[in-house]
Amino acid sequence: MKIWHQHGSEHSANLVMIGHFKDATDATKAKELIDELTKQVRIAEEKNIIIPGSPSVRYDKDMLDLLKQVNVGTIGPQELEQFLYDFSIKVDDRKIVIETEEIDVSALLKLMYNKGARIEVYSAHTHPDTEYGRGK
């Protein structure tokens, strides 16, 4: 009999990403865009167009139309799955604050960058003395 041993760990990134925008309107618009893309990705998942764990190699027509409409051309089809990850997002005046246990956040970073944000990314555990830090 063979016994297979697997090393596993919980997600532990405790990542904080803060997009600093010129004004509250820009921050709100960027958050609405993240919400819109998340909704479209969930629809694609329901239709089995996006299958978590199986990176997409192309966009479906609805996603491509949405990305063109909102002028976002830097998020690759393989990154769309990231919008299904568990993260919290809030607008705090001129900032968008995203907190997640995931480390793969390139789609969110690219979206905020393309919408004019200065972006700060750090571990809330490693930097507990920051506004969004946790634990010591």
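1. Thr25 sits in helix α1 of this predicted model. Its relative accessibility is 46%, so Thr25 counts as partly exposed; the class in question runs between 20% and 50%. Along the chain, Thr25 and Glu79 are 54 residues apart, and their C-alpha atoms are separated by 26 Å.

2. Helix α3 spans residues 106-114, and its buried residues are Ala107, Leu108, Leu111 and Met112. Viewed down the axis of α3, these buried residues fall within an arc of 125 degrees, so they line one face of the helix.

3. What do the buried residues of α3 pack against? The partners include one helix, α1 (24-46). The strands contacted are β1 (15-20), β2 (87-92), β3 (95-100) and β4 (118-123).

4. Just after α3 comes Gly116, which takes a positive phi of about 95 degrees.

5. A search of the whole structure for cavities of 30 Å³ or more finds one. The largest cavity holds about 30 Å³ of space.

6. Which residues line the largest cavity? They are Ile49, Ile50, Ser56, Arg58, Tyr59, Asp60, Met63 and Leu80. By class, the lining divides into five nonpolar residues, one polar and two charged. Arg58 and Asp60 are the charged residues of this lining, and Ser56 is the polar one.

Key. Residues are numbered from 1 along each chain as its sequence is written. This is a predicted model: local features need pLDDT of at least 70, side-chain atom pairs count only at pLDDT 80 or more; totals for chains, interfaces and linings use all residues. Side-chain values use heavy atoms; hydrogens and water are left out. Buried means under 20% relative accessible area, exposed over 50%, partly exposed in between (1.4 Å probe, protein chains only). Helices (H or I, at least four residues) and strands (E, at least two) are DSSP runs, numbered from the N terminus. The arc is that of the directions from the helix axis to the C-beta atoms. Contact means heavy atoms within 4.5 Å. On a 1 Å grid over the protein atoms alone, a cavity is a set of points where a 1.4 Å probe fits but cannot get out, and a pocket is an open set with protein on both sides within 12 Å along at least five of seven lines; lining residues have an atom within 4 Å of a point. Grid points are joined across faces, edges and corners, and a volume is the space filled by probe spheres set on the points.
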